[in-house]
Amino acid sequence: LQGEKDTVGLYLTGHPINRYLEEYQGMGISKIAKLTMEHGAGGGSNGKGRRGGVRVMVAGLVISSSHRLTQRGRMGTMVLDDSTARIEVTLFSEAYEEYRELLVADKILVVTGNLNYDEYRGGLSIRADQVLEFEQARSLYARALQLDTLHLNGAVQPGLLQELQGILGTYLGGNCSIRLRMVRDDSSGVLELGDAWRVNPTDELLRRLERLFATDGVRVMYGSSGG
């Protein structure tokens, strides 16, 4: 996808956000096209925000960004695209100073803030108070990585567990637990590894696990119950 963007200036065969869509519900992210002033979202917290807007959480690719000095101090704006729609996001004062380094084109960000109707532009916009790269947001909200493909009716693939141990060892030290879902013809169960095996669930780790277990065999689990 990045090669397409570098060559012709746009994405032809997909959108960079697509690999994250399955995680939207668990994280509480709303699609931009579905935002309205009547229904907020974001971590399950609907309703009015601190400054009177509707509280929302969205994710998207940064299409453009700008920084400027106003009478009220420095501020930044960016346009996010999640393949369903685009929206302008503004950061003022403390939020700008904290997150300004992330306002860079082609980054995929998760934004939390207050949704408002911009009468001047005739559309919705977000005043952000938190901006995270998607990996950072996953690390903050994910509870477990579940690996679904350990079948016990036959012999376990030689070296599989040793290879898994080697992969996980590179990403230890996070807050995300590892669950192994083991299946037989007549039963199944989930084994959760101990705290020493908690990892940082980066994109790179997920890609390596998907190569070992197949894409549909790796699931990011959210929420207190792991769903």
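The model is a predicted one, so local features need pLDDT of at least 70 and side-chain atom pairs count only at pLDDT 80 or more, while totals for chains, interfaces and linings use all residues. Residues are numbered from 1 along each chain as its sequence is written, and side-chain values use heavy atoms, with hydrogens and water left out.

Start with the barrel. Five strands close up in the order E1-E2-E3-E5-E4, with mixed pairing. From one strand to the next, the twist averages 50°. Helices (H or I, at least four residues) and strands (E, at least two) are DSSP runs, numbered from the N terminus, and two strands count as paired if DSSP finds at least two bridges between them. Strands E1 (residues 54–70) and E2 (residues 73–81) pair antiparallel over nine bridges; here Leu 69 has Arg 74 in E2 as its bridge partner. Strand E3 (residues 86–92) and E5, on the other hand, run parallel and are joined by three bridges, with Val 89 standing opposite Ile 126 in E5. E4 and E5 go back to the antiparallel sense, with 10 bridges between them, and Leu 109 is partnered by Glu 133 in E5. The E4 and E5 hairpin has four residues between its strands, and Gly 122 takes a positive phi near 70° there.

Next come two helices. Helix H4 (residues 134–141) lies across E1, E4 (108–118) and E5 (123–133), at about 70° to E5. That angle is between N-to-C directions, on a scale from 0 to 180 degrees, with axes fitted to C-alpha atoms (for helices, over the stretch in contact). Phe 134, Ala 137 and Arg 138 are buried in H4. Looking down the H4 axis, the buried residues fall within an arc of 100°, so they line one face of the helix. The arc is taken from the directions between the helix axis and the C-beta atoms. Buried means under 20% relative accessible area, exposed means over 50%, and partly exposed is in between (1.4 Å probe, protein chains only). In helix H5 (residues 160–169), the buried residues are Leu 160, Leu 164, Ile 167 and Leu 168. They cover an arc of only 95° around the axis, which puts them on the same side of H5.

What about the cores? A nonpolar core is a set of buried Ala, Val, Leu, Ile, Met, Phe, Trp, Tyr and Cys residues joined through side-chain atoms within 4.5 Å. The largest one has 33 residues, and Phe 134, Leu 145 and Leu 209 touch the most other members. Helix H6 (residues 203–213) gives this core its largest share, five residues. A second, separate core has 22 residues, including Leu 35, Val 54, Tyr 96 and Ile 126.

Finally, two loop residues. Tyr 171 sits in the loop between H5 and E7 and is buried, with a relative accessible area of 7%. Its contacts (heavy atoms within 4.5 Å) include Arg 198, Thr 202 and Leu 205. Tyr 171 and Thr 202 are 31 residues apart in sequence, and 8.2 Å apart in space from C-alpha to C-alpha. Asp 186, in the loop between E7 (172–183) and E8 (188–192), is exposed, with a relative accessible area of 63%.

Terms used: Lists of a residue's contacts leave out its neighbours within four places in sequence.
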